[in-house]
Amino acid sequence: MICGLFVLSQGEVSVLLLTDAMTENKLFQLCYRKGTCIPSRMVVLYARPNQLAVNRLGITTGKKLGNAVCRSRARRLIRQAWRENELDAPIGLDIVIVARTRLLEENAVSLSHYLRKYGIPALHRVYADKPMRRKG
RNA sequence: UGAGCAGACUAUGCGGCAGCGGGAACGUUUUCAGGUCCACGAGGAAAGUCCGGGCAUCACAGAGCAGGAUAGCUGCUAACGGCAGCCGAGGGCGACCUUAGGGCAAGUGCAACAGAAAAUAGACUUCCGCCCCUCUGCGGCGGUAAAGGUGGAAUGGUGAGGCAAGAGCUCACCGGAGUGCAGGAGACUGCACUGCCGUGUAAACCCUAUCCGAUGCAACGCCUAUUGGUGCUGACCGUCUUAACGCUGGCUCGGCGGACGGUACAGCAAGGGCGGCUCAAGCGAUACGGCGACGUACCGCUUAGAUAAAUUGCCGCACACGACAGGACCCGGCUUAUCGGUCUGGUCACGGC
RNA sequence: UGGGGUGUCGCCAAGCGGUAAGGCAACGGACUCUGACUCCGUCAGUCGGGGGUUCGAAUCCCUCCACCCCAA
C-alpha cells in the first residue's frame, strides 16, 4: 500500500521499502492472537515480528464505525498519521491498527501526536532489539 | 397579502502549504524504480439490489409439462413490473392527488361469532282463509312470498297502486343485466328498447392473454513461477458386460456417453500478472415533428478506472454555517435517506382598483 | 459483489385468514422448622416498522429496518 523510496540525508541513495501492505486474513489473525496489544482511546495497535526487512501495515475499520464514509475517513486518518511517523518505528514488524469509534470525533493531528508520544515508544519498549531508521 | 398544489434545477465557494490515484510530456538511466512539470480525479441518490437490458460463458438451450412474472386502453423504449397521455373508480371547495383496475355467467374452496337462514333450495317464526274443537287458546288443511332484533354481506332500493293477507303482481324514479344504434384508435361514453335479474372473496386454488434457457466480470480470455499426483479430461494397458447405469436445469419424451481399475505420457484446476475496464442505447446546445413520454437532423464535448482499493489533512476568508452520504463491469428505471436554496406554472381565501 | 434465510411475552417457541397455544423465568399461595422439589393460581404480546387486499391480517401482497448463513 505504502511503497516508497527513501533518500538518506547523507546523499547516499538506497532502495528501501518502508512499509508494505498486509492483505491476507491469516496474518491479521496471527497478529490478534499472538501479537502485542497496545490499546488506547482512538485506536488499538497489534504488533508481531516478521522475518522481513520491512514493516507490514494492516488497517482494520470494522462495521461498528458506521457507514462507508465513516470507515473511509478512519482509514485516511490512520494512513496519514502513519505516514508522518513511520520513520520512527522499529523495522521488521507486522502491525495492525484497529480504528475505534472515538477516532471519528478526533482530527488527524491528535492521532499523529498520540503515535509519536505513546504508540511508537511502546513498540520500542517491547521490541528493543529491532533496529530503527533514525534516532531521537 | 396569506394558505396550498404541481414540475424542473442545484447540492458551500475561494486561496495557501503538505499528501494520495492513474495519465501525457520532459529528461536521467542498460533496464526497472524514482525525479520535474501539466491538466484531470465519486453521487443525486454512487445506497437498497426490487425490476429490465447490454456484455460474457455453458453446447443443445430441442418438444411438452411444471415453475416464475405481468394484468384498464393507446403509445414510448434496446427492454421493463418503468414512463407519457387517456378511460373507469375514490378523495379534495379547488389547483390536483391516489388507484395490482382481466375473469367468481367454466369448476372447486372459504365466509368465525351473531342470526330463522350464509349460498341452495327452502325449512322455522310471523301474516291471511277454512275446518275440527274444550269454541280465547291449542291442533289440522291450505294460501302467500320475505316482515323476523343479527351481520361486512340477506334473493335489487324508495314511493304508490293492488290484495283475504301478500308479493316486480303492476307503475314511476334509481341501481344492475341483456340487445340495438351512435361516437371513439381503444379502454369506454351517450341514447333507446326489453325485462325484473340469487352475495362477497381470485394480493384463495384456478382460468384467460402476453413474456421468460441457465449462470454471472469473483463471468470470461491470455501469460507465467512453484507444488502435488488430491480432483477432472484425454491417451495406453487389464478386467467385466449388452442390459442396466451415468450425464443432459425439476419431470417426461428426445439426445449424449459402455463401466471399473492401473500406468503417471500430455493437458487443465489451485498462486501472481495482464486484458475484460470504460467512447457509451454517452452528455450538452439548436432546429423540426409530437398534447406528452420521446424521436429525427446537425454542431460541439470526452468526463474516475482503483485492486486492501485513490478525492484527504492543517490553516485563513466569506456567508445561507454546510444534510444524506463514497465508484468496483456498464447502462435504463423503481424504492429508500436527505440541511437547505433557486426558478416556472396553476388554485383557494381576504383586501384594493 | 452475488445468493439464501429469520424476526411472535424477559428467554425458548407453536400457530399460516376468524379469541395469539405451551414451557422456562417472574410474582402470590400451599407443603416444610427453613430452603429446594412438587402442586395451585396470577402476570406479561406495537406478532420488527409502514402501507395495501379483505367484513376481518401474526398469516396474503408491496415496501423499509435489523440480524444470521453460504460462495470468494
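Me: What does the secondary structure of chain A come to?
Reply: Three helices and five strands. This is a predicted model, and from the N terminus the elements run β-α-β-β-β-α-β-α.

Me: How many residues in chain A, and what share is buried?
Reply: Chain A has 136 residues, and 41% of them count as buried.

Me: Contacts between residues at least 6 apart: what share joins residues at least 24 apart?
Reply: In chain A that share is 77%.

Me: OK, strands. Which ones does β3 pair with?
Reply: β2 and β5. Strand β2, residues 36-39, is joined to β3 by four bridges, and the two run antiparallel. Strand β5, residues 93-99, also runs antiparallel to β3, with seven bridges between them.

Me: Which residues are bridge partners there?
Reply: Cysteine 37 has tyrosine 46 in β3 as its bridge partner. For leucine 45, the bridge partner is isoleucine 97 in β5.

Me: How many residues sit between β2 and β3?
Reply: Three, and the two strands form a hairpin.

Me: Is β3 mostly covered or uncovered?
Reply: Mostly covered. Strand β3 spans residues 43-49, and five of its seven residues are buried.

Me: And β2, which residues are on which face?
Reply: Thr36 and Ile38 make up the covered face of β2, while Cys37 and Pro39 are on the uncovered one. In general, side chains in a regular strand alternate between the two faces of the sheet.

Me: Which of its residues are buried?
Reply: In α2, the buried residues are Ala74, Leu77, Ile78, Ala81, Trp82 and Asn85. Seen down the axis of α2, they fall within an arc of 130°, so they line one face of the helix.

Me: What's on the other side?
Reply: Val69 and Arg76, which are exposed there.

Me: What covers the buried residues of α2?
Reply: The cover includes strands β1 (19-21), β3, β4 (55-60) and β5, along with helix α3 (108-126).

Me: What does it touch?
Reply: Leaving out residues up to four places away in sequence, cysteine 70 touches Leu65 and Leu104.

Me: How far is cysteine 70 from alanine 53?
Reply: They are 33 Å apart in space, C-alpha to C-alpha, and 17 residues apart in sequence.

Me: Now the largest nonpolar core. Which members touch the most others?
Reply: That core has 26 residues, and Val43, Ile78, Ile95, Ile97, Leu103 and Leu111 touch the most other members.

Me: What does leucine 111 touch?
Reply: Met42, Val43, Leu77, Ile78, Ala81 and Leu103, again not counting residues up to four places away in sequence.

Me: What about a second core?
Reply: A second, separate core has eight residues, including Met22, Leu27, Tyr46 and Val98. As a general point, nonpolar side chains in soluble globular proteins tend to be buried together.

Me: Last one. Where is serine 112, and why does it count as buried?
Reply: Serine 112 is in helix α3. It counts as buried because its relative accessibility is 4%, and the cut-off for buried is under 20%. Beyond residues up to four places away in sequence, serine 112 touches Ala81, Glu84 and Asn85.

Technical notes: Residues are numbered from 1 along each chain as its sequence is written. Chains are lettered from A and ligands numbered from 1 in the order in which they are written. This is a predicted model: local features need pLDDT of at least 70, side-chain atom pairs count only at pLDDT 80 or more; totals for chains, interfaces and linings use all residues. Side-chain values use heavy atoms; hydrogens and water are left out. Buried means under 20% relative accessible area, exposed over 50%, partly exposed in between (1.4 Å probe, protein chains only). Contact means heavy atoms within 4.5 Å. Two strands pair if DSSP finds at least two bridges between them. The arc is that of the directions from the helix axis to the C-beta atoms. A nonpolar core is a set of buried Ala, Val, Leu, Ile, Met, Phe, Trp, Tyr and Cys residues joined through side-chain atoms within 4.5 Å.
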